[in-house]
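I opened this notebook to record what I looked up in one structure. The entries cover a pocket and a helix.

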Amino acid sequence: MVSNPVHGLPFLPGTSFKDSTKTAFHRSQTLGYRNGYAIVRRPTVGIGGDRLQFNQLSQAELDELASKAPVLTYGQPKQAPPADFIPAHVAFDKKVLKFDAYFQEDVPMSTEEQYRIRQVNIYYYLEDDSMSVIEPVVENSGIPQGKLIKRQRLAKNDRGDHYHWKDLNRGINITIYGKTFRVVDCDQFTQVFLESQGIELNPPEKMALDPYTELRKQPLRKYVTPSDFDQLKQFLTFDKQVLRFYAIWDDTDSMYGECRTYIIHYYLMDDTVEIREVHERNDGRDPFPLLMNRQRMPKVLVENAKNFPQCVLEISDQEVLEWYTAKDFIVGKSLTVLGRTFFIYDCDPFTRRYYKEKFGITDLPRIDVNKQEPPPVKQELPPYNGFGLVEDSAQNCFALIPKAPKKDVIKMLVNDNKVLRYLAALESPIPEDKDRRFVFSYFLATDMISIFEPPVRNSGIIGGKYLGRTKVVKPYSTVDNPIYYGPSDFFIGAVIEVFGHRFIILDTDEYVLKYMESNAAQYSPEALASVQKHVRKLEAPASESESKQTEKDPGVQELEALIDTIQKQLKDHSCKDNIREAFQIYDKEASGYVDRDMFFKICESLNVPVDDSLVKELIRMCSHGEGKINYYNFVRAFSN
């Protein structure tokens, strides 16, 4: 490599010298890595470490490097999607530019003013480039004010150009329909918007004032008030100032009276009073707005004016000593107007401020006039009259048309046709009632009880239905909370009191024994023990008689075979049900024997086929001396 260390010599053959002290002639590194990406570095020194005096890259390479985009790992980057087009009525919706301006109007027919300054607001709507000019309404100005130019696009010149927001600025004049408006200022939003669009705003100007208006603001000429009360000054000072009070008229003491709400207006300009009704929705009253028209209210009349025909003639100052004034209307006090006593319980904020400034009264709290509702009357059922059930009688107190009390349908379906039967005797001091027997039927579906007395021939007592189906109340339960007899109250030896009559349970049927066995939790240990004792007592005579017959009578095996044959032949016969209970009713001593005549009567009532040959043989074998029949062995043939 030939180098020219002497910069003053030209680079020509013979003028360049070789540096013999150099031993390293490597090239500079132009490729590097940063954060995992390959980058190209421009060489700053040449071969041998000599600093380059000029850029060795060509202009084409420089342009390529300047325009070359970095290549990502996954290929060329995708171009960003173009921005969505947003129309002006969406982008500038509800965005309005507001300018404060005024215009000068000549007043030719007036000696007090030659011109008039009218202040307006110019609104520019960005969504459709429309404009409107509105003049604020001044009270009692006598000039039609409000919207001077309705919203529209306004022409700027005769060529048809329209005003744009770029044409608006502070400190300029704009002409609209022949009127020249001077724009003096704008609001904050308008200033920010125009500055963001690159428009340089002029400094704000002061709003021009109307000379006649400023003249009217000067203090009025002072004069001495006459001795009499100046009503004109009162009218001008208190015009449109009204005290509002909220009052109630409580007329509940009279027949068909009620508590009604009213609003009392006291007009300070002429000391008149007006009472307005407050109507509520669906109150049933005609919508009359006023109870009393606006008028002055006399407080104290002249002694001779008490009989003054007020309904015909108007009351004047001659008949009145004192009129109602503002100090007579105080929150928390009553006020009598036209014979009605109104209680003032509240007023509006203006009234409170007036009383604080005028009379120094600061404590005017609202008074709660809402009456607390009385506690609900507890429904008490009338005393039970003894007819029907308590639940049925109570339905007459719940509705005009009584409905049947609700029943436990599930209980009725589960216990349908399930009846518990008991044999009972009447506990009575009368000797004739000691031998009477009754059959209690307890219906599990409805918890009702029926009593039947089997007829006994030549007893002098008519048998049959003693008590129809009904619920029986226990003797120590109250009328308000009746407690009815349940299955757990019926057991051997239990005393059942039915409407003043006491019955003692003597015996039960087999279904009762099965029910007590399957539902032993419902019964007391005393009830279970009484039934077990009774069953043992009944089985003892039968076992003794069977053992004696087995020892003495060789035909016991023949009897057992006959019973088995009858059971197989008459297993579907209807006389099987309750045959043992029927015999036990007439076996008062529980000996197991009944008279022969009574035996055939019972069989006839139960449709027992006594004419059958096998049944006749069974009756012969069960016969006992002295005209009696052992029904224990006979009943065995008709039970499974």
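Entry 1, the pocket lining. I began with the strand β4, which contributes the most to the lining of the second largest pocket, namely 6 residues. I kept in mind that the model is predicted. I then noted the span of β4, residues 115–125, and found that α4 (211–216) also supplies at least two residues of this lining.

I sorted the lining of the second largest pocket and recorded 9 charged, 8 nonpolar and 6 polar residues.

Which residues of helix α6 are buried? I found T351, Y354 and Y355 to be the buried residues of α6, which runs over residues 349–358. Viewed down the axis of α6, these buried residues lie within an arc of 95 degrees, so they line one face of the helix. I checked the other side of α6 and found P349, K356 and E357 exposed there.

Against which strands do the buried residues of α6 pack? I identified β9 (242–250) and β16 (340–347) as their partners. Finally, I examined what follows α6 and came to G360, which has a positive phi, near 75 degrees.

How values were computed: Residues numbered from 1 in each chain as written. Predicted model: local features only at pLDDT ≥ 70, side-chain atom pairs only at ≥ 80, totals over all residues. Heavy atoms only, no water. Buried < 20%, exposed > 50% of the residue type's maximum accessible area, 1.4 Å probe, protein only. Helix = DSSP H or I, 4+ residues; strand = E, 2+ residues; numbered from the N terminus. Arc of directions from axis to C-beta. Contact = heavy atoms within 4.5 Å. Nonpolar A, V, L, I, M, F, W, Y, C, P; charged D, E, K, R; others polar.
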